[in-house]
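Biologist: Hi, I'm new to this one, could you walk me through it?
Modeller: Gladly; here it is.

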Amino acid sequence: MASASGTGERFENEAGQRWDRAIERTQEVVAVEARLLARARTGDLDAFVQLIGLHDRALRALAYRLLEDPHQMDDALQEAYLKAFRALRGFEGRSAFGSWMHRIVYNVCMDQLRQRSSGSRRISLGVADEMPDPMPDPGEVAAQRVDLAAALASLPPKMRATVLMVDAEGMDYQAVADVLGVPVGTVRSRLSQARRLLRRALSEDKSGHERP
Amino acid sequence: MSDREYPQHSPAAAGRDEVLGKALRRLDVPEHRPGFDAELRAKLSATLSERDADPQHPGRALRARSRTGRARHPSRWTLGLAAAAALALVAAVAVALSASAPASAAAVARRAARAERTGTGLPPFALTVVTVTTPGGFQPEPPPPRVTDRIDYAGPTLWRDKSVVTEPFNEGTHAITRIRNGHLIASIADGRVSVTRATRHEGLPFTVMAWQQAALRKLLAAGSSGRCAPSASLGGDGPVIDGRPTLILQIGGSPCPSADIPQSDGPATFWLDKQTFLVLRAVLHGPGNRIAETIAVTGLRYHVRFPASTFALPKPSRTKLPACRAAISLPDLAALERALVRPPLIPGSLPGGLRVGRIDGSLGPGSPGSAHCKITAFTITYNDPAGRPAVQLYEAPRTSPAVRFPGRAVTIRPGLTGTITSGSHMVILWWIQDGRYCSLQTGGLTAGVRLTTVPTAHLIQIAASLRSTGH
């Protein structure tokens with residue numbers, strides 16, 4: 001049987017090796033990204049497609065959670081990817097490429113949300129007919145109540161984006177602040193509120209309480 | 001708020017955040033829609049073409065855009081995009097289009113739609129066009145699966161269009177010839193000739209060819225700037241078709257899908273004659289991104305000189321056909337029963353406070369109409385308690401080609417199975433009962449009516465209660 005100190009050493013060694021491997025992988029990804037970026041900046045379309053492929057899942061998650069519609073998510077991402085491709089030569093590398101892409105996607109989504117909300121102020125009959133049924137299926141509502149997705153959707157979009165980028169994507173506060181165009185303190189504030197609201201929503205769901 | 005107000009997390013709080021992060025990462029993220037990558041690549045290619053086509057300032061179009069890497073500055077974005085748009089205009093003019101060619105994809109779409117609809121910019125020509133429509137979309141009155149048109153076009157008021165139409169279930173073919181000579185249009189079908197005065201909307205063979213409505217609609221939508229305008233991009237030079245250089249126009253899926261002409265809902269690619277913008281080839285996708293319609297032109301010749309006899313109007317047939325109206329609006333269910341060839345199947349109960357709204361009858365697809373002008377197909381629109389159209393019931397003869405599209409099998413009641421399909425904010429249930437094709441739809445747009453949504457269970461409940469009223 002290994003001694004306590006021996007076990008501790010082995011854990012430390014394994015943890016250290018895992019850390020080294022993670023660092024190596026990260027460095028590899030960064031190197032691949034840098035190579036693709038250099039090629040994409042010369043107008044290499046395939047390189048650009050590969051480049052955005054590295055971040056596509058995270059960007060899909062952000063766009064989908066902000067817009068809550070898969071079709072609009074795709075439209076927004078196409079618009080954002082086109083904008084990025086056109087602006088690629090102006091990308092100065094002050095932030096990571098991923099953060100830069102997050103900013104473009106975030107801005108496109110917020111534009112769409114703004115258009116959506118301004119559109120709802122002058123509702124025409126035709127548009128009103130397309131809106132979701134004000135009395136959705138009760139079974140569907142019950143299923144959504146215990147859903148983290150629904151709790152997330154109940155947050156304001158800016159708060160949603162913050163908690164997604166920090167807690168789900170693991171981005172640091174400064175990067176998120178750059179994406180959102182706000183001070184780091186605002187990121188902390190939004191994150192704190194978002195976490196609190198999410199936990200409250202989820203705990204109320206589990207206890208069967210009605211949400212307002 | 002300053003950082004001081006947010007003390008360092010305790011280990012317990014950090015653990016909770018980690019749990020929350022893991023849960024957030026596990027949330028489903030939708031995959032891209034089918035064709036997303038192809039659409040994106042086409043758009044990126046178009047962007048590259050714009051840049052490369054600017055002979056004076058290669059690469060300027062890209063440099064002129066905003067510096068997205070900095071914090072967001074709306075004015076910079078606006079200026080950048082405006083500059084880009086202006087440069088794209090310059091670049092596109094420099095492409096091998098003619099000097100007066102439109103620059104943007106939307107302008108190309110408008111120009112093509114104008115050529116198809118009004119003949120603008122078209123010299124005298126002759127061509128054969130084959131339109132193939134695949135089954136699969138919801139449509140109360142679908143176009144026939146294959147139509148071959150031979151068109152001799154001398155001008156907007158002098159043309160001849162001979163269509164060979166394949167019947168929906170390949171029962172056979174029939175030919176319809178239309179000749180326009182001045183203000184008169186002669187129609188020759190089944191040996192009968194009728195001559196009518198041309199109306200304002202009945203000008204060109206293209207507009208008469210109902211089976212090409214999906215393509216025209218797609219082009220018009222792409223050329224518009226409304227809420228329902230799909231994305232459009234120029235895909236650069238296409239192959240030479242019938243000796244004509246082509247230009248590829250790619251149009252994205254419709255933001256406002258319609259059940260009436262589903263061929264125009266998905267993305268589409270058009271190969272346009274580079275000089276005249278005539279559609280030489282098109283592939284239109286419908287629901288599920290399946291190919292819904294293809295158009296192919298062969299035997300195209302421009303500047304053709306036709307003998308005068310080509311457009312000579314034949315004498316009309318002497319025997320008069322009964323003047324049946326193709327579509328009528330009916331005041332109530334009793335009137336519907338009287339107008340039908342056979343008794344309708346009517347719901348015995350209506351859930352959710354639905355009430356009978358509008359009732360429309362029509363000569364069903366493939367039915368020439370009986371001697372008594374009885375109708376064979378009808379649509380009843382049911383309104384919700386707020387008076388908004390919510391559900392439509394459509395019935396037609398069993399052999400009707402309407403709506404044989406795949407979906408999920410659902411038991412309506414013991415011994416009766418239907419097929420349910422949902423998507424694009426609409427749900428459609430269809431089945432065959434007592435020799436009739438029946439469908440119920442909620443949500444979406446159909447037969448020109450926009451429907452609100454009721455639960456799917458209500459559709460099944462209505463379907464299960466359908467019974468014949470008897471005459």
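Modeller: What follows is a tour of the two chains, starting with how to read them.

Biologist: Okay, what should I know before reading it?
Modeller: This is a predicted model, in which local features need pLDDT of at least 70 and side-chain atom pairs count only at pLDDT 80 or more, while totals for chains, interfaces and linings use all residues. Residues are numbered from 1 along each chain as its sequence is written, and chains are lettered from A and ligands numbered from 1 in the order in which they are written.

Biologist: How many helices and strands are there in chain A?
Modeller: Chain A has 10 helices and 0 strands, where helices (H or I, at least four residues) and strands (E, at least two) are DSSP runs numbered from the N terminus. Of its 212 residues, 33% count as buried, a word used when 20 or more other C-beta atoms lie within 10 Å of a residue's own, with exposed meaning 12 or fewer, partly exposed meaning in between, and the C-beta atoms placed from the backbone.

Biologist: And chain B, how many helices and strands?
Modeller: Chain B has 9 helices and 23 strands, and 40% of its 471 residues count as buried.

Biologist: In what order do the 11 strands of the open sheet in chain B come?
Modeller: The order is β6-β5-β4-β3-β2-β1-β11-β10-β9-β8-β7, with antiparallel pairing; two strands are said to pair if DSSP finds at least two bridges between them. The edge strands are β6 (192-197) and β7 (232-241) of chain B, each of which pairs on one side only. Neighbouring strands of this sheet are turned by 15° against each other on average, direction ignored.

Biologist: Which helix packs on that sheet?
Modeller: Helix α7(B) does, touching β7, β8 (244-251), β9, β10 and β11 (291-302) of chain B, and its direction makes about 90° with that of β10(B). Touching, or contact, is counted between residues whose C-beta atoms, placed from the backbone, lie within 7 Å. Axes are lines fitted to C-alpha atoms, for helices over the stretch in contact, and angles run from 0 to 180 degrees between N-to-C directions.

Biologist: How do β9 and β10 of chain B pair?
Modeller: Strand β9 (residues 268-273) and strand β10 (residues 279-285) of chain B pair in the antiparallel sense over 5 bridges, and the bridge partner of B:F270 in β10(B) is B:A282.

Biologist: Back to α7(B), at what angle does its axis cross that of α5(B)?
Modeller: The axes of α5 (residues 105-118) and α7 (residues 213-223) of chain B cross at roughly 140° and come within 7 Å. On the α5(B) side the contact includes B:A106, B:A109 and B:R110, and on the α7(B) side it includes B:L216, B:L219 and B:L220.

Biologist: Switching topic, which strands form a hairpin with 2 residues between them?
Modeller: Those are β19(B) and β20(B), and B:D434 in the turn has a positive phi of about 50°. Strand β19 (residues 426-433) and strand β20 (residues 436-442) of chain B run antiparallel and are joined by 7 bridges, with B:W430 standing opposite B:S439 in β20(B).

Biologist: What about phi elsewhere?
Modeller: Most residues other than glycine have a negative phi, and most peptide bonds are trans. B:D242, in the loop between β7 and β8 of chain B, has a positive phi of about 55° although it is not a glycine. In chain A, A:E68 has a positive phi of about 60° and is not a glycine either; A:E68 is found in the loop between α2 (45-67) and α3 (70-87).

Biologist: Why does A:E68 count as partly exposed?
Modeller: A:E68 counts as partly exposed because it has 15 C-beta neighbours inside 10 Å.

Biologist: And A:L152, buried or exposed?
Modeller: A:L152 is buried, with 23 other C-beta atoms within 10 Å. A:L152 is found in helix α7 (residues 148-153) of chain A and, not counting residues up to four places away in sequence, touches A:R65, A:R160 and A:L198.

Biologist: One last stop, which residues are buried in α9 of chain B?
Modeller: In helix α9 (residues 456-464) of chain B, the buried ones are B:H458, B:L459, B:I462 and B:A463. Seen down the axis of α9(B), these fall within an arc of 135°, so they line one face of the helix; the arc is that of the directions from the helix axis to the C-beta atoms. B:P351, which sits in the loop between β13 (345-347) and β14 (355-362) of chain B, is in contact with B:H458, B:Q461 and B:I462, leaving aside its neighbours within four places in sequence.

Definitions and conventions
Contact = placed C-beta atoms within 7 Å.
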